[in-house]
Amino acid sequence: MTTANETKTLKNFINGEWTTPSGTDFIDIVNPADTREVVAHVQQSTADDAAAALTAAEEAFKTWKKVPSPQRGEYLYKIAAIMEEEQEELANIIVKEEGKTYADALKEIVYAAGIVKFYAGEGRRMTGRIIESDMPNVQIETHKEALGVILVVTPWNFPLSIPVWKIAPAILCGNTVVLKASSETPLTASKFMEIIQKAGVPAGVVNQIVGPGRLVTEMIHHPAVKGITFTGSNRVGNLIYQEASKDMKRVLLEMGGKNPLIVMEDADIETAVQLAAAGGFGQTGQACTATGRVIVHKDIIKEFTEKLVARAKEIKVGNGFEEGVDIGPQVSEGERQSTLDLVKKAVEEGAEVLVGGGIPQKAGTEHGYFVEPTVIGGVTSSMTIGQEEVFGPVISIIETSNIDEAIEIANDIAFGLSASICTKNLSYMTKALNEIQAGIVKVNMTTTGTFFQAPFGGYKQSSTGTYKELGSEAVEFYCQNKTRYINSN
């Protein structure tokens with residue numbers, strides 16, 4: 001068990017055993033709220049380690065695919081129960097490794113456990129169809145079959161829930177998995193492997209390697225890999241897509257967003273401010289569904305802006321373990337600098353920083369990757385910050401004159417993940433729901449947050465779009481459908 005004074009040296013989890021990576025390079029994972037604290041030591045894996053994990057998964061698939069799906073679901077119920085029992089330890093790891101507040105870490109664990117239980121239940125809902133035949137004595141039926149080995153590549157911003165929402169449906173459907181989690185948050189992933197081991201999941205069904213992202217390319221081309229699921233940046237997602245296409249392998253990508261919140265003239269301004277702040281500043285803005293743009297009607301933009309600026313000033317930034325802290329640090333110096341660079345670029349292009357925009361100067365933040373909650377006014381779609389994902393606690397305000405223009409601005413982007421409108425007008429609601437080009441559109445809700453029983457996925461450059469994650473729909477990516485003809489004569 002990891003304690004406050006213990007620095008863990010991570011190992012690979014291959015074929016049910018913890019093995020030392022064979023690489024000679026080492027990296028330290030530091031606490032982003034206080035970089036003086038080393039959270040974990042990581043000896044980097046090599047291509048040989050990755051191949052060993054894939055081979056173990058390939059061998060385990062031979063028997064795991066034959067286990068009835070209700071029995072596979074029982075293992076998931078055990079995993080969820082252990083997650084709930086060990087949520088305090090999991091939360092401590094997430095706060096120290098990723099920088100979330102303790103409250104947000106607990107929410108992520110509860111959400112992740114709910115995902116696992118949902119897919120456990122899906123084990124008894126894996127059904128096919130009987131189709132009427134043109135011929136007597138011939139029955140036609142469809143049947144779902146597992147793909148094989150799934151390569152799971154996950155980001156750092158939700159270090160537990162995103163691996164969970166990929167692994168749970170994958171193994172429920174009879175596949176085996178190799179997880180390559182983000183190099184920023186390998187300790188959370190390793191803890192999840194401990195839970196899988198405690199739940200008695202057969203050896204080789206779920207494997208994890210710790211190591212650099214460059215291992216992924218070779219892993220994609222391993223003959224055992226039948227599907228690749230990735231959440232992360234568009235740059236990496238495009239590279240994965242290109243590599244997988246060389247072997248015509250199935251790919252599920254969930255990538256960036258530049259998510260709009262439209263605030264119309266009839267909106268309750270207090271509610272709109274709360275939605276904008278929660279969506280833009282919550283999780284330190286480090287969510288693919290974060291509110292990056294608030295498109296506000298000209299009649300209320302002055303009052304809305306004043307109140308959002310006031311709200312931003314109230315937000316307490318600090319270590320996620322501290323009482324009363326609203327948001328923690330960014331996960332790394334690179335992420336913080338990217339945020340600051342985009343803020344600077346916005347000013348150079350004519351926008352105005354109304355609050356924040358820099359590094360907080362207060363005791364307790366000097367050793368972390370903190371950024372002030374930032375509101376930028378005078379933004380247009382043509383500006384860099386009006387187009388590019390910030391992935392930090394920054395909200396851009398764009399003025400609009402009417403609903404049609406607001407939707408046009410919302411759609412004037414390469415992404416299409418999540419969007420929301422704040423209004424009491426049913427006509428505005430209907431227009432937004434029908435015309436906004438995004439995979440998720442909400443009314444009077446934050447752009448962030450999803451229910452795991454509902455499908456999740458984006459349009460345009462936010463996703464490959466062929467398959468969805470979460471909900472019963474996620475099963476489709478992890479299965480292939482066989483049509484079986486039976487002549488009873």
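Predicted model: local features only at pLDDT ≥ 70, side-chain atom pairs only at ≥ 80, totals over all residues.
**Group meeting talk: salt bridges, a sheet and its helices**

Hi everyone! Residues are numbered from 1 along each chain as its sequence is written, and side-chain values use heavy atoms, with hydrogens and water left out.

How confident is the predictor? The pLDDT, its confidence in each residue from 0 to 100, averages 96 for the protein, and 99% of the residues score at least 70. Over residues 1–5, though, the pLDDT is below 50, and this stretch has 8 contacts in the model beyond near neighbours in sequence. Contact here means heavy atoms within 4.5 Å.

Now the sheet. Helices (H or I, at least four residues) and strands (E, at least two) are DSSP runs, numbered from the N terminus, and two strands pair if DSSP finds at least two bridges between them. Here 3 strands form an open sheet, in the order 1-5-4, with mixed pairing. Strand 1 (8–10) and strand 4 (26–31) stand at the edges with a single partner strand each, so one side of each has no neighbour in the sheet. Strand 1 and strand 5 (residues 34–43) run parallel, joined by 3 bridges, and Thr9 stands opposite His41 in strand 5.

Which helices pack on it? Helix 3 (residues 87–98) touches strand 4 and strand 5, its direction making about 105° with that of strand 4. Helix 6 (residues 186–198) touches strand 1, strand 4 and strand 5, at about 80° to the direction of strand 1. Axes are lines fitted to C-alpha atoms, for helices over the stretch in contact, and angles run from 0 to 180 degrees between N-to-C directions.

Back to salt bridges for a moment: the side chains of Glu89 and Lys191 meet in one, at 3.2 Å, N to O. Glu89 is in helix 3 and Lys191 in helix 6, 102 residues apart, so this pair links distant parts of the chain.

Last, a helix pair. The axes of helix 4 (residues 102–122) and helix 5 (residues 161–172) come within 9 Å and cross at roughly 10°. These two helices are therefore roughly parallel, a label for angles under 35 degrees. Among the residues making the contact are Tyr111 of helix 4 and Trp165 of helix 5.

Methods
pLDDT = per-residue confidence, 0-100. Parallel < 35°, antiparallel > 145°, perpendicular 65-115°, else oblique. Salt bridge = Lys/Arg side-chain N within 4 Å of Asp/Glu carboxyl O.
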